[in-house]
Amino acid sequence: MSKPLLSIIVIAYDMQRQALNTLISLSPCYQEGVSADDYEVIVVENRSKRNMDVSAIAALPGNFRYFLRDEPGVSPAAAINFGFTQAGGEFIGLMIDGARMLTPGVVRYALMAFRATHNAMVVVPGYNLGENEQQFHLTHGYSEEKEQALLHDIGWPQNGYRLFNISSIGGANRRGVFHPFMECNCLFFPADIFRDIGQADERFNLPGGGALNLYMYRLIALHSLTEAFVLAGEGSFHQLHGGVTTSETNGREHVLERQSAQLTELLGYPYTSPKIEPILLGKIRHPAMRYLKQSVERGGERLERCARQGLNPYADDAKYEHKL
Amino acid sequence: MFIFKRKPRLSIVLIVYKMPDQAERTIQSLSPAYQRDVSEKDYEVIVVENHSDRLLGRERATQYASNVRYFHRNETQRTPVHAINFGAAQARGSHVAIMIDGARMVTPGIVRQTLDVFHIASNAAVSSPGYHIGDKLQQIAVNEGYNEEAEAQLLQGIQWPQDGYRLFDIAVLSGSCQGGFFQANAESNFIAMSMKKWRELGGVDSRYDDFGGGNANLDLYKRLLDSPNTPYYLLYAEGSFHQFHGGVTTGTLKEERARIYKQLDDQDIALRGDNRSRPTAQPILFGMAHPSVYRFIRHSLDQVGSK
């Protein structure tokens, strides 16, 4: 293929079945309104006892390139940077956690945003499969088997928008699309902006990268050239896989404390979600509407609160000043 | 797919007839001083005024910006359709936006976002929802005493034109846009497309020769959205806001209005037959939701049965 415009980097580690679902959701027969030549998917797997089935990836339609790495550490930061060296695209999609399946319009609308402006940052809201946040899955009796049954019930991968019917809103965007996002697990941005922020900072050496994803999201969102878009009718859906913070494990609180401390140290100040105003882009299919309804209610409450307190709801958005 | 062609440039065709004060505000709302993130070079406003005893005139039309071109026409029929086709024929842009009713003020992002969408998809259809200023539709309000003075107070209340988005605070969705943002409407008073598409459609149908053009605007909107290879984008967070001006369907009293509606409908049936249902295209939303738009998002969700 000729050089693609978009390179989507997917990081996998010890999530064989889930990562394959993610790749299926990235294939051009699942993604609507795009052709295989529009994008490539670079899969970087850090070796574990359960590596992905290479023949299954090779059997997928589209441009998948798979790399198996030996990673001495416990963070995906180096894998991201390795993936970035392989990326031929002018634009990058980053999925730091390979366990997130997508809805069928993600690639199409991400490309659309880049047509509107070279400096787009495209945010895809996150959800959890199942009714509850997955860090409490044991409490709620949720398991990989139950999740597979849910996916079977909606006939996935047919009509990928039905993922909304078996999901709950993700922690990174708990209050919906009209609130600042804490982070984004399916994020698109120009390659040159990623270079500007120093790519994935490998000092984030904690398991799963610690708070690396928050750090990168904030730096990209606040880059002076960035124009933010949110795909309110699309989503990335986390599958249960025993991740560092997304499954219910002993010591989770301690892990979060270490992550937070490292984030403050490397950022130089305590983290806050970037308060920027995005352009909402895309069709809203019926299954996504209940989330949009929650979003607009919570967003309205936030704006009222900001107005009462005299706060700028988009204080980090330099472009907002002239809009007031 | 990513060949960046030349920058799109927009020609906005605005039709004026017997509404000088309202049209003046509309032209102000289209000026670069009011529109955000655009310059005079990005677009032009073609004002076509059909002659009447209440003229806007060149001087008032061109006072806000140098990208306004004014044309005064003598029209023998009681329809704007010829004026629209005349105006579009003057266009120097790659794309054209039709505003059939000069009494509709717009919000400050409408020009920038229309250009953005054409940058995404040159072949797109772009529209924005329509509103009526006031707390109810003007065809109802007029029977209860709503008039230009009442409207002037409302505009003063939001300190227009300081923040044009506050128009949402003093308006209701037009009848043709009641269905909200998640489905196609019956028409739009801001309909934009490429000049190529405009020529393919043959412009607005000049057989709509009755009051206000009758259903010519609905027909144009439907033919555009139903035409092949035309992705439909809705600037859901922008709008066009109808000012009261004694127009044919929004400003006449009830009995007279019903009689005229029937007449216009008869002509529409004669021209289009049974093919008059609203388009089925689901819009691609594009825009930044100003706080004042939230209540209309809620309304729109209710309209499509969201729980």
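Predicted model: local features only at pLDDT ≥ 70, side-chain atom pairs only at ≥ 80, totals over all residues.

Residues are numbered from 1 along each chain as its sequence is written, chains are lettered from A and ligands numbered from 1 in written order, and side-chain values use heavy atoms, leaving out hydrogens and water.

**Exercise 1.** Describe the fold content and overall size of chain B.

- Step 1: Chain B has 10 helices and 12 strands (DSSP runs, H or I of at least four residues and E of at least two, numbered from the N terminus).
- Step 2: Its radius of gyration, taken over C-alpha atoms, is 18 Å, close to the 19 Å of the globule rule for 307 residues, so chain B is as compact as a globular protein of that length. That rule is 2.2 Å times the number of residues to the power 0.38.
- Step 3: Along the principal axes, the C-alpha atoms fill a box of roughly 55 × 50 × 45 Å.

**Exercise 2.** Work out what share of chain B is buried.

- Step 1: Buried means under 20% relative accessible area (1.4 Å probe, protein chains only).
- Step 2: By that cut-off, 63% of the 307 residues in chain B are buried.

**Exercise 3.** Find how covered helix α7 of chain A is, and by what.

- Step 1: α7(A) spans residues 212–221, and nine of its 10 residues are buried.
- Step 2: Among them are Leu212(A), Tyr215(A), Met216(A) and Arg218(A).
- Step 3: The cover includes α3 (77–86), β4 (91–95) and α8 (252–267) of chain A.

Notes:
Buried < 20%, exposed > 50% of the residue type's maximum accessible area, 1.4 Å probe, protein only. Contact = heavy atoms within 4.5 Å.
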